[in-house]
Each structure stands twice: as structure tokens, then as C-alpha cells.
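Student: I have just opened this entry and would like to go through it step by step. Could we begin with the ligand?

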Amino acid sequence: MDSGKLTLRRARLNPLFRKLTSEVDLSVDHFMQPLFCVEGLKVKEEIPGLAGVYRETADSILRQIESDLETGVKSFVIFGVPAQKSAQNFSYASTAKMISEIKKRFGSDLFLAVDVCLCSYTDHGHCGVLSTEGDHVDNGRSVTELAKAALEYAAAGADCVAPSDMMDGRIAAIRGALDQGGQEQKLLMSYSAKFHSKFYGPFRVAANSVPSKTNSLKDRATYQIDPARPSDALLASERDVREGADILMVKPGLPYLDVLAMLSAKIKLPWAVYEVSGEYAAIEELAKAGLINAAAAHVESWIALRRAGASILISYGARNAQKWIKEQR
Ligand code: PBG
């Protein structure tokens, strides 16, 4: 054994040299913070599993954004949770009002994306409108609604609309609605490679969007991508480029790193990755059990997501990113 000969290890000995040769740039500039705004809520509620993340009231969300901006995070994706649920004829007014209040208060100090989906609005919790028979999610009717919602959010001042529903043709419909509605400068971020994942659990509690378990439609498998079909993610992402998306997304993050690496190598639009509620909470729970250092594990995960090709990291920890990166790197 030649124990005295250093080759690759020589470059690892000095911490400053390790920084000098880092191939992955991780900074708060790449982060987006998810926010939940719940209509009619009186007192903000911490979300189980997501320490430091809340279901916000109309007032608390403004204070939260103010303190987030101080941490250096400047981009947000907002989820509106309406008080009233229905089967159709949804009102997007409460979310639109929140958007305009945020923009009135903070203007161009922040970049505001808005999630576009129906799952918080429908009384059954699915991401679209059901057929008359109630046995499937009707693609055409859902797309019509989604385009309406997206235009309303953009008109209210959102910088970017982000459809997460997974209907076919929604990118073209939304792009068309924005262009015809005088919102042609607004960005369109497609959740193009969104998988049918079990890691969305804490989010569904936060957004009050657990799908109801009728026999024919017990989960989101008929519209979200099967975890065993990465080709479907490629087809959907290529299609969304043709339909006018400006930003594409892989979701969840860590369990789909291979998909992110494959897609970002093939398609040269900006890629976002969503470190979803369940994967974020998994780290938090390990830390609670004393088995891991949460901040260090989050930073390691974020490096992996950037390394695999994401420009934008959507993470519940965005508001801690600057601090944790500074501590850990
Ligand atoms: C809405 C939506 C979901 C997430 C983002 N937008 C949940 C779902 O599809 O069930 C998940 C985000 C997370 O888990 O953090 N369709």
C-alpha cells in the first residue's frame, strides 16, 4: 500500500482551495420561497412537517414577505387557498386580491409567481373540473378554467404564472389568454415534469387539497406523470416548449435528480426544481430525531439540485438559504 502519495486528496486539504474550485454556485439569488395565503384565516398556522412555514392570513403574509426580503430572498411562488370550494364556476378573486396587495406594497422589490391549479378550489380536491358523470377529470373544461385563472392573476400583477395541474394543452391556452388579454410580458413557468408522487403530503394539508377517494378517481394518477416513465416527462417538457413556456420544472427534486439531469441537458430553457414538502419535511424529521443536521442536509440537497441542472430552486427553506449556506459552505 502506498499510503504516502496524495493525488486527488491534495485538492481537498485547504478549505479555501475547495471553495476556489467549486463547480456549483449556490446562492440565495436562485431561490424561490413558497407562500400559502388562506382566505378568511384569522391567525396564521404553522404547517405540520414544515417548521417556519405557515398558512398565512391576508395580513401576516405581508409581514412574512417583508422579513423574507431582509433575508435576501426576492422571489416567491404563492398558493391561494379560497374559503369557498365548488365543482365549477370558481372565483379567483381572493387570490387575485392578495396578488395585487403584495405588488402594491412591494412592487419590483420582489418577483412574484403564482401557482395556477384548481385543487384548492374544487370540492373534490382534484386539479381540474370533473366530467358530467363525475368519473374523470375533463381536460377541456379544466383548461378553460385554468386559462381564466392565469389571466386574472397576471392582470392582478403577478410577474409569472405557474400551472401545476398537468392537463394537456394548458400552456398553449394560458399563453393565448395572456397574449390576448394584454399580459404578453408575463412569464409562464410550466410544471412540465411533475410526477405522481407521495412526497406532496404536507403541502396538501397546507393547501387543503387532499383528493377525495371516490372509486374511479382515488388519486392523481390519471393526470400526473408515472414515476417509472421519464420519457413522458421529456415529451411533456418538449411539448410545453412548443406551446410557449418560458421556464420548465421538475418536481419533486431529489428522487428525480436523474430526470432533471437528463432534461436540462436536452432542453435549454431555464429549469426550476421543486424540493417538495415531503422531501423537505423528511430532512426536518431526521433532524428532530437527532440523526442529522438539518441546515447541512438542506444545503447538500440544494447543491445536488443545482448540480443536476436547475437554475431555480423552489424550497420551503428559501428564507433560510443565505444563512445556512454561509454557515455550511
Ligand atoms: C397543486 C400543487 C401541488 C404541489 C404544488 N402544486 C400538490 C399536488 O399536486 O398534489 C406540491 C408541492 C409540495 O408538495 O411541496 N397541484
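Student: Which backbone atom lies 2.7 Å from an oxygen atom of the ligand?

Tutor: This is a predicted model. In it, a backbone N or O atom of S277 is found 2.7 Å from a ligand oxygen atom.

Student: How much of the ligand does the protein bury?

Tutor: The ligand exposes 400 Å² when taken alone, and the protein buries 100% of that.

Student: And what kind of space is taken by the ligand?

Tutor: The ligand takes up the space of the largest cavity.

Student: Which residues come nearest to the ligand?

Tutor: There are 18 residues around the ligand, and those that come nearest are K194, R204, K251, S277 and Y316. The side chain of R204 has an N or O atom 2.6 Å from an oxygen atom of the ligand. For K251, a side-chain N or O atom is 3.3 Å from a nitrogen atom of the ligand.

Student: What is the shell like by class?

Tutor: The shell around the ligand consists of 10 nonpolar, five charged and three polar residues.

Student: A change of topic: how many disulfides does the structure hold?

Tutor: The structure holds zero disulfides.

Student: Are C127 and C160 buried or exposed?

Tutor: C127 counts as buried, at 1% relative accessibility. C160 is likewise buried, at 1%.

Key: Residues numbered from 1 in each chain as written. Predicted model: local features only at pLDDT ≥ 70, side-chain atom pairs only at ≥ 80, totals over all residues. Heavy atoms only, no water. Near = heavy atom within 4 Å. Polar contact = N/O pair within 3.5 Å; in protein donor to acceptor, adjacent residues only side chain to side chain. Areas by Shrake-Rupley, 256 points an atom, 1.4 Å probe, with all protein chains shown as cover. 1 Å grid on protein atoms, 1.4 Å probe; cavity = no way out; pocket = protein on both sides within 12 Å on 5 of 7 lines; lining within 4 Å. Sits in = over half its atoms within 2 Å of the grid points. Nonpolar A, V, L, I, M, F, W, Y, C, P; charged D, E, K, R; others polar. Disulfide = S-S within 2.5 Å. Buried < 20%, exposed > 50% of the residue type's maximum accessible area, 1.4 Å probe, protein only.
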